[in-house]
Amino acid sequence: MPEASEVAPAPVATDPPVTARVLTVPNALSALRLLGVPVFVYLVLVAHADLLALLVLVVSGFSDWLDGALARAWGQVSRIGQLLDPLADRLYVFTTVVTFAIRDIIPWWLALALIVRDGVLWLALMVLRQYGYGPLPVHYVGKAATFNLLYAFPLLLLAGQDGLVGAIAAPVGWAFAIWGVGLYWWAAALYVVQTGSLVRFARRDRVEAAG
């Protein structure tokens with residue numbers, strides 16, 4: 001039996017390197033998700049083809065998981081992918097809440113709660129840029145919020161169907177929606193706190209440099 005000093009240390013998991021590649025399978029999936037946004041809006045507001053719109057949401061949610069899994073597994077994590085993925089998520093959330101509110105699938109207070117939250121993050125990003133910072137990394141709380149909302153929206157769409165399916169989908173969909181809104185604002189609060197810390201550090205550095 002080897003001595004304790006001879007035992008090899010356990011390997012430490014590290015994040016995959018970020019590349020500048022653009023033409024990758026994960027990036028193609030993210031681009032396809034973005035192209036699905038206007039299709040979804042048309043299906044909900046013009047065609048009133050709710051089941052087809054539901055299919056678009058399901059495919060979008062699956063591709064959201066798939067592009068991240070492939071990027072990590074194949075070593076294709078890229079800077080453009082880190083921008084496209086959250087952009088697609090936010091566009092789906094924004095367009096879904098607006099189209100659902102127009103169709104009276106959800107109340108306007110819920111839509112405004114999500115839209116105002118994104119406005120808060122946009123203002124925080126503008127402040128960060130004034131001090132030379134880029135967007136902060138997506139927090140796991142924000143990912144959990146998006147996960148809940150991407151499950152809530154298809155279920156709320158199904159809630160409009162007659163029969164047992166609609167009766168079951170409604171309470172489950174609203175449970176995901178309420179948790180999603182709560183986590184969405186929690187993530188925003190964390191983002192604002194991080195922004196404040198970075199601004200304080202930047203101001204202190206400027207004062208020290210000037211002095």
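Select H48 to begin: with a relative accessibility of 47%, H48 counts as partly exposed, a class that runs between buried (under 20% relative accessible area) and exposed (over 50%), using a 1.4 Å probe and protein chains only. H48 is found in the loop that joins α1 (25-46) to α2 (50-73). Helices here are DSSP runs of H or I with at least four residues, strands are E runs of at least two, and both are numbered from the N terminus. Now look at the backbone of H48: phi is near 50°, a positive value in a residue other than glycine. Most residues other than glycine have a negative phi.

This is a predicted model, in which local features need pLDDT of at least 70 and side-chain atom pairs count only at pLDDT 80 or more, while totals for chains, interfaces and linings use all residues. Residues are numbered from 1 along each chain as its sequence is written, and side-chain values use heavy atoms, without hydrogens and water.

Zoom out to the whole protein. Six helices and zero strands make up its secondary structure, and from the N terminus the order is α-α-α-α-α-α. Along the principal axes, the C-alpha atoms fill a box of roughly 65 × 60 × 35 Å. Of the 211 residues, 39% count as buried. Among contacts (heavy atoms within 4.5 Å) with a separation of 6 or more, 78% are between residues 24 or more positions apart.

Next, show α2 and α3 together. Two packed helices are described by the angle between their axes and the distance between the axes. For α2 and α3 the angle is about 160° and the axes are 11 Å apart; axes are lines fitted to C-alpha atoms, for helices over the stretch in contact, and angles run from 0 to 180 degrees between N-to-C directions. The two helices α2 and α3 are therefore roughly antiparallel, the term for angles over 145 degrees, with under 35 being roughly parallel, 65 to 115 roughly perpendicular and the rest oblique. The crossing of α2 and α3 is left-handed, meaning that the near helix is turned anticlockwise from the far one by less than a right angle; clockwise would be right-handed.

Which residues of α2 and α3 meet? Select V56, L57, S60, D64 and D67 in α2, then D85, D89, Y92, T96 and F100 in α3. By class, this contact has four nonpolar, two polar and four charged residues. Ala, Val, Leu, Ile, Met, Phe, Trp, Tyr, Cys and Pro count as nonpolar, Asp, Glu, Lys and Arg as charged, and the others, Gly among them, as polar.

D104 has a positive phi of about 65° although it is not a glycine. With 64% relative accessibility, D104 counts as exposed.

Move on to α5 (residues 140-158) and α6 (residues 164-210), whose axes come within 7 Å and cross at roughly 155°. That makes α5 roughly antiparallel to α6. Their crossing is left-handed, and the residues in contact divide into 23 nonpolar, six polar and no charged.

Finish at G180 in helix α6. Is G180 buried or exposed? At 0% relative accessibility, G180 counts as buried. Leaving aside neighbours within four places in sequence, G180 is in contact with A145, N148 and L149.
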